[in-house]
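Subject: Structure handover

Hello,

Here is the structure you asked about. Please open it beside this message and follow along.

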Amino acid sequence: EFLSAQRARGLPPAEIAQIYAQWARTQPYEQRRFERALRHSDRVIREGAAATLRGRTDGASLPLIEIALQDADDAVRRCAAQALRGRADGASLVLIEKALRDSDRYVRGLAAEALRGRNESAALVLIELALHDSIAFVVGEHAVEALQGRSDGASLALIEKMLRNPGGVFTTRSIRGYAAQALGGRMDSASLALIEEALGDSDSFVRVHAARALQGRNESAALTLIEKALGDPEGLVRAGAAAALQGRDDGASLALIEKAMQDLAVGVRESAVQALQGRTDSASLALIEKALQDFHPFLRGRAAQALQGRNDGASMILIEKAFQDSNIAVRGYAIQALRGRTDSASLVLLERALRDVEAVSLHAVQALLGRSDSASLALIETAMRSSFPSVRAAAIEFLLVRTDVEAQAVGRRLLATPGLDSNLRFKLMKMVPPQTCFMRVLEQLSGAH
């Protein structure tokens, strides 16, 4: 009767199934009842029952997943494939293999996703099976992600096989690119040799992923390969190489960042500016200042973003400069860069930002999070009287995390504000002592009468 009522409301079957699943989780567990639900004539009940199996790793749930994988409905089988994630038992690999041979590509993709974190040799065989799938962008991508988490020699041999594709055993073009992607995160010399090989490939898709795979590698040989990739004729490859410079703080990498910032392609310059974030040397700051003068507003925004985490006076001068930009997004990034700063100069700028457009004002409130000084409370009180609902809501959230006497005093003053939004008033009452709230209600009632 309940499910019929939901159908009468016009809810889609998938949503009704989720409602059923939520209800089923609250009921005492009975294996037979679950089996009956999974074999029910109503597809919504079968889907809901299969959805409740997610997160379970006990042996009793495995036969239930198997029943759901045999269902005629794609949605039920997809729920069953999802329920295979996070399991470590050998028996579940048998069901993953079955799901990898399903007629529905999304069932196969979810089965490939369930192989993440599994390091058995049998799992590697299934990863290779998934890589042969004709729908690479659904199934192959998940298989590669499962491969990326492995560090054994057998998985590297599979990556090498994918890259070289002897006899054309892998039928989809993108598989070789995914192979280069799977080299990311590996730190051995053999994988670096394969990256070098992939950077010389005739297919730009392979070269792009090979360049990105260099990120996080700090060997001098890796830097040499990044420099080589920065000279690639394809802009996406050069952008990948520039992105790989992020996290490095040596002088040689800074020279390559500077080179990439002179590239004609906007995407390359963007990746280079992003690579400056986290660097604290004065030479990096000079490059950020240069990027703030770029004609492209998106790059100026990235430059402002790169200033976050720096607490020196020189970077504050650049944040102030970025806040004067005519572009709203650049000003927003400049205010974001103030997060974590506790100096008085940043408070002055935040006060100005609260008088800006809604997006910038909202960033100003968010930048105040974590501060515990009285001056920041005064700004929050200003934000609470903003004409923008999102700014007022963010200011309330700021107050709710503070339990000090000063914050409660601000809460009391705001409760006395005429015409305060009822939702905001309710939230404020959570932080102000009950007797104060009671007195405010009495005052308002007496005023109304």
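The side chains of Asp-201 and Arg-176 are joined by a polar contact of 2.2 Å. A polar contact is a pair of N or O atoms within 3.5 Å; within protein, one must be able to donate a hydrogen and the other to accept it, and residues adjacent in sequence count only if both atoms are side-chain atoms.

Before going on, a word on the ground rules. This is a predicted model, where local features need pLDDT of at least 70 and side-chain atom pairs count only at pLDDT 80 or more, while totals for chains, interfaces and linings use all residues. Residues are numbered from 1 along each chain as its sequence is written, and side-chain values use heavy atoms, with hydrogens and water left out.

Where does Asp-201 sit? Its place is the loop between helix H13 (189–199) and helix H14 (204–212). Helices here are DSSP runs (H or I, at least four residues), numbered from the N terminus. Asp-201 counts as buried because its relative accessibility is 15%. Buried means under 20% relative accessible area, exposed over 50%, partly exposed in between (1.4 Å probe, protein chains only). Leaving out residues up to four places away in sequence, Asp-201 touches Arg-176, Val-206 and Arg-207. Touching, or contact, means heavy atoms within 4.5 Å.

Now take Asp-232. It lies in the loop between helix H15 (220–229) and H16. Asp-232 is buried, at a relative accessible area of 10%. Its side chain makes a polar contact of 2.7 Å with the side chain of Arg-207. Asp-232 also touches Val-237 and Arg-238, again not counting residues up to four places away in sequence.

Why is helix H12 (residues 174–182) described as largely enclosed by the rest of the structure? Because 8 of its 9 residues are buried. Among them are Ser-174, Arg-176 and Tyr-178. So Arg-176, the partner of Asp-201, is itself buried because it belongs to that set.

Helix H4 (residues 43–51) is mostly covered, with 8 of its 9 residues buried. These include Val-44, Arg-46 and Glu-47. The buried residues of H4 pack against helix H1 (2–8), helix H2 (13–25), helix H3 (31–38), helix H5 (61–69) and H6. Asp-42 caps the N-terminal end of H4. One of its side-chain oxygens lies 2.9 Å from the backbone nitrogen of Val-44.

Axes are lines fitted to C-alpha atoms, for helices over the stretch in contact, and angles run from 0 to 180 degrees between N-to-C directions. Angles under 35 degrees count as roughly parallel, over 145 as roughly antiparallel, 65 to 115 as roughly perpendicular and the rest as oblique.

- Helix H6 (residues 74–82) and helix H8 (residues 105–113) have axes that come within 8 Å and cross at roughly 5°. That makes H6 roughly parallel to H8. Their contact has 5 nonpolar, 1 polar and 3 charged residues.
- Helix H18 (residues 266–274) and helix H20 (residues 297–305) come within 9 Å, axis to axis, and cross at roughly 10°. They are therefore roughly parallel to each other. Their contact divides into 5 nonpolar, 1 polar and 3 charged residues.
- Helix H21 (residues 313–323) and helix H23 (residues 344–353) have axes that come within 11 Å and cross at roughly 10°. That makes H21 roughly parallel to H23. Their contact has 6 nonpolar, 1 polar and 2 charged residues.

For these classes, Ala, Val, Leu, Ile, Met, Phe, Trp, Tyr, Cys and Pro count as nonpolar, Asp, Glu, Lys and Arg as charged, and the others, Gly among them, as polar.

**One more buried residue**

Ile-288 lies in helix H19 (residues 282–291). It counts as buried, at 0% relative accessibility. Beyond its neighbours within four places in sequence, Ile-288 is in contact with Leu-276, Ala-303, Ala-306, Leu-307 and Leu-318.

The mean pLDDT of the chain is 86, and 91% of its residues reach 70 or more. pLDDT is the predictor's confidence in each residue, from 0 to 100. Confidence is lowest in helix H29 (residues 434–448), at a mean of 53. It is highest in helix H16 (residues 235–243), at 96.

Best wishes

Definitions and conventions:
Helices (H or I, at least four residues) and strands (E, at least two) are DSSP runs, numbered from the N terminus.
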